[in-house]
Amino acid sequence: MAVAIHCPSTPAELCFGMVTRASKLNATMPDSYSLTDTIAAISTPPGRGGIGIVRLSGAQAASIAMRLVSLRHPLEHARARLANVLDDEGDHASRIDEALVTWFAAPNSYTAEDLVEIAAHGSPVVLGLLLRRALELGARLAEPGEFTQRAFLAGRLDLTQAEAVRDLIEAHTLTQARQAASQMGGALSRRIAPVKQSLVELIALLEAGIDFAEDDVELTPAIEIASRIEQLTPPLAALEASFARGRIVHDGLTLAIVGRPNAGKSSLFNRLVERDRAIVTATPGTTRDLVTERISLDGIPLELVDTAGLRGNLGDGAHEHLEEAERLGIRRSREALADAALVLIVLDATQPLNEEEYKLLLAVQDRPAIVAINKSDLNGVKTPVDGISGVPALATSALTGEGIPALRERILALATGGAAEEPGMLTSLRHHQAIQTALSALADAAQANTNAIPHEMILLDLYRALSALDALTGQTTADDVLNLIFSKFCIGK
Ligand code: GDP
């Protein structure tokens, strides 16, 4: 299979680090599989639906597809053709469905191979039959993510783009989908490309100085090396910083709602969720278990955890009168409080702070937390909004809705730490680690240059930075990492 390898237009030896994708072709696959196989899978989710698609990719894709269906017109690149789905070949074949068959000729397809999509009705029986017959006719069942993996190996997508395909499929909010789509379009790769280009140029400069030392080629002055390294750092540092927002757009956050029984936690939870999910009653201690709900706050997925009320310290024997179920609920609340990234403490405005609430406020002082002084619609407010142990507070009423938009805004600010959305943000730990490695290698190179260490040694640091950037886009990514990434895809993608 022809594989496009993009090496920078610099001396050939610089391509040493760029282990070609071709050499990885079979390395990432289980032994018994080959990337020259024609693969097949049902690409639509399991179950019944209006449409179901069987996808075939590889040299035999079209010839196998033509034996699965009877076409009224010959296949033509990127043209949907009406066809009858047959249950067999030959005279006893009967029609079991009608389908649209689209053929994409290599290299102008998702996988860059010949690819056929048979869009039949979404019946598991029809799709199962199509797949079974495709396998009988010589196709192999696709591994999870193998269509995208082939696109990556063919150089149609780099690794960040391939990862974005998975992120797009798994997106829960529009913001997540938008972010994944922009990465799929190469936004992250485009941010890295110019840095990589400058880094490669610097490497070439130092290599030339070493290679041609006998020919009196002048060594690059330290001041120039310093300035070139310095220019590489800010774009990478900006990328690293984008992870603060990118991470939460990608992974979301958990917000634990805690407070004494009857303060209005469940009511606030329902206000934030915008429907009645948690049970609200006037009897203290009704929420015995954790109620969780995923909401989207300005596109950021937020898991709200409504906890049972915190009633004093458990374990000191003071609450033996509590029912077992409620005690368990309180213990779970404490665990949820410890695990959550954000904490919303709900106080009852009509009640003075009790000891337990003081302790809670002290405990969350150094954490991203916010206090809602609820029931502020009632007369006889006893808890003032300001000066609550340094934890920011605002007045709310779950009953009237007062203060709820402000509460949402404060939660959002707390979640994002003020970091704004930007194109090509880092969203995964893998990307973040690669950028950190590149930055630390560049810092080492700068230090070595300051200490007048020989260029051979500075080059080692620069190559380390380059290899980290290459690993990010997939040019030098270890096979086990590649396998891990693609194994998380669904079959058929
Ligand atoms: P939780 O035990 O902390 O979850 O409290 P709930 O949400 O179950 O509310 C306890 C009681 O307080 C219910 O009767 C609610 O209707 C009432 N309540 C909750 N929030 C407010 C509020 O902002 N104003 C008023 N007046 N009543 C509220």
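Helices, as named in this tour, are DSSP runs of H or I with at least four residues, numbered from the N terminus. The model is predicted, so local features need pLDDT of at least 70 and side-chain atom pairs count only at pLDDT 80 or more, while totals for chains, interfaces and linings use all residues. Residues are numbered from 1 along each chain as its sequence is written, and side-chain values use heavy atoms, with hydrogens and water left out.

Next, display the polar contacts, meaning pairs of N or O atoms within 3.5 Å. A nitrogen atom of the ligand is 2.8 Å from a side-chain N or O atom of Asp 377, an oxygen atom of the ligand is 3.2 Å from a side-chain N or O atom of Lys 375, and a backbone N or O atom of Ala 263 lies 3.2 Å from an oxygen atom of the ligand.

Of its 32 residues, Leu 199, Leu 236, Ile 435, Leu 442, Leu 462 and Leu 469 touch the most other members. Helix 14 gives the most to this core, with nine residues.

Finally, select the second, separate core of 29 residues, which includes Val 249, Leu 255, Leu 268 and Ile 300.

Notes. A polar contact is a pair of N or O atoms within 3.5 Å; within protein, one must be able to donate a hydrogen and the other to accept it, and residues adjacent in sequence count only if both atoms are side-chain atoms. A nonpolar core is a set of buried Ala, Val, Leu, Ile, Met, Phe, Trp, Tyr and Cys residues joined through side-chain atoms within 4.5 Å. Buried means under 20% relative accessible area, exposed over 50%, partly exposed in between (1.4 Å probe, protein chains only). Helices (H or I, at least four residues) and strands (E, at least two) are DSSP runs, numbered from the N terminus.
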